[in-house]
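Hi,

Here is the structure I promised to pass on. Please have a look, and my notes follow below.

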Amino acid sequence: MRLVNRTFTELQPGETAELRRLITQDDLYVFAAASGNYNPMHLPSGDMDGDGQPENIAPGMFVASMISAVLGTLLPGPGTLYRRQVVDFHERAHAGEELLCKVAVTAKAADGTVTLETVVTRPADGALIVTGTAQVLAPEVKFDRDDIEVPGLVVQRHRHFEALVERAKQLPPLPVAVVCPDDANSLGGALLAAREGIITPILIGTESAIRAAAGESLDGIEIIDIEGDQAAALQACKLVHEGRASAVMKGHLHTDDLLKPMLDKAFGLRVGRRFTHVFVMDVPGRPEPVMVTDAAINIAPDLATKVDITQNAIDLALAIGMQPRVGVLSAVETVNPAIQSSIDAALLSKMAERGQIKGGLVDGPLAMDNAVDLGAARIKGITGGVAGRANILVVPGIDAGNMLAKQLSFVSHAEGAGLVLGARVPVILNSRSDSPMSRLASCAVAALHHAGGKAGEKK
């Protein structure tokens, strides 16, 4: 970033400068954290009047800070120090609106003071937001540098999951068989999704244990009293076959006990493809969700299994509105006969070119850096529609997948929604440490997947 100032000697009355800025919801969070002003009217999630809609009003001093930005970076620029600022507020600005700040030099004084007229407007409708005057000490030393760097900020907010949840709320509630929800976390996730109108849970397991874990009334919620984890999982499969459940959700039981009855020849849920697991990750700072697959079921998948892993992930991405760009990961970005994952990646890429994998772009082998970072891909000379822009990451095996997903969660502050695909219906798979947002998002992704499948059937 290059900054150039105007010294006191150079400044002349009538000089002007302006700055445009789009107010984002992240701006409101950053300003609240920096200023300590947590007035709910100024937070994207705040709702002061109870009408169900956040006010999203930008704080007055945030708007006024645009004046400081112009003075400190443009006119007079670096070296400027405030002496006085008068502001009058006329209208309110909101997140999502663009503002225009203009300053104009009106006078100079012998002591180095410069007076400027300051105005902030909303160009969309011409509304006057802020007017006033500023008195500053103008810089005496010339400044012209292009090496100004400011560390970037990432707001730990999960906007992609919020959007998915809002979309899922517009759908009819998804009937979900919840298997053994006899602890507070698993039952709480199902009840939260039910309160949000995303699912209609059918609770399967020991009724007394389920009610003991509830901590609230379960009136109006169907409970099927059955002993044993695998027996409860088999009952969930039967509900799917009866058309009463359109998804299955893991409760407080081992994943193996949940999935084993789904392989039963009579009441199982297999439909041809292998069962594969997908984490849909909302990583703060990323422009869209990132999928990691397979991180929970297939330990050391061969090529045929990776075909199903890839196709299942592509289908899910399409169902939730993503344009699938699959990066098949390896330790290297060139084929190395000594590294099997690089060979598999190249074969998956070629299979996609020949139409054996459908619905998305597939490229590999790619190392993690050149899969998700355009700069890294360009340095390595890797081109195409996937490199640097991958939103589906196919990992070599469960070790790499599990580590990657947990690194994103605990280092990059991501939330993850977990689904098992390849069954007749989506299987919602959460871990005991998952947050309420993660469980809610998993239900939302399952509902969107189900709706996307129905839309595909109609076509």
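The model is predicted, so local features need pLDDT of at least 70 and side-chain atom pairs count only at pLDDT 80 or more, while totals for chains, interfaces and linings use all residues. Residues are numbered from 1 along each chain as its sequence is written, and side-chain values use heavy atoms, with hydrogens and water left out.

Let me start with the sheet. Eleven strands form an open sheet with mixed pairing, in the order S10-S9-S8-S11-S18-S17-S12-S13-S16-S14-S15. (Strands are DSSP E runs of at least two residues and helices H or I runs of at least four, numbered from the N terminus; two strands pair if DSSP finds at least two bridges between them.) Its edge strands, S10 (222-225) and S15 (361-366), each pair on one side only. S10 pairs with S9 (residues 199-205) in the parallel sense over four bridges, and glycine 205 has aspartate 225 in S10 as its bridge partner.

Now the helices. H8 (residues 303-319) has 17 residues that should span 24 Å at 1.5 Å a residue, and its end C-alpha atoms are 24 Å apart, which agrees; the expected span is 1.5 Å times one less than the number of residues. In H8, 13 of the 17 residues are buried (under 20% relative accessible area, 1.4 Å probe, protein chains only). Glycine 321, which follows H8, has a positive phi near 90°.

Finally, aspartate 26 lies in helix H1 (residues 25-35) and is buried, at a relative accessible area of 16%. Leaving aside neighbours within four places in sequence, aspartate 26 is in contact (heavy atoms within 4.5 Å) with Val155, Arg157 and Arg159.

Best wishes

How values were computed: Buried means under 20% relative accessible area, exposed over 50%, partly exposed in between (1.4 Å probe, protein chains only).
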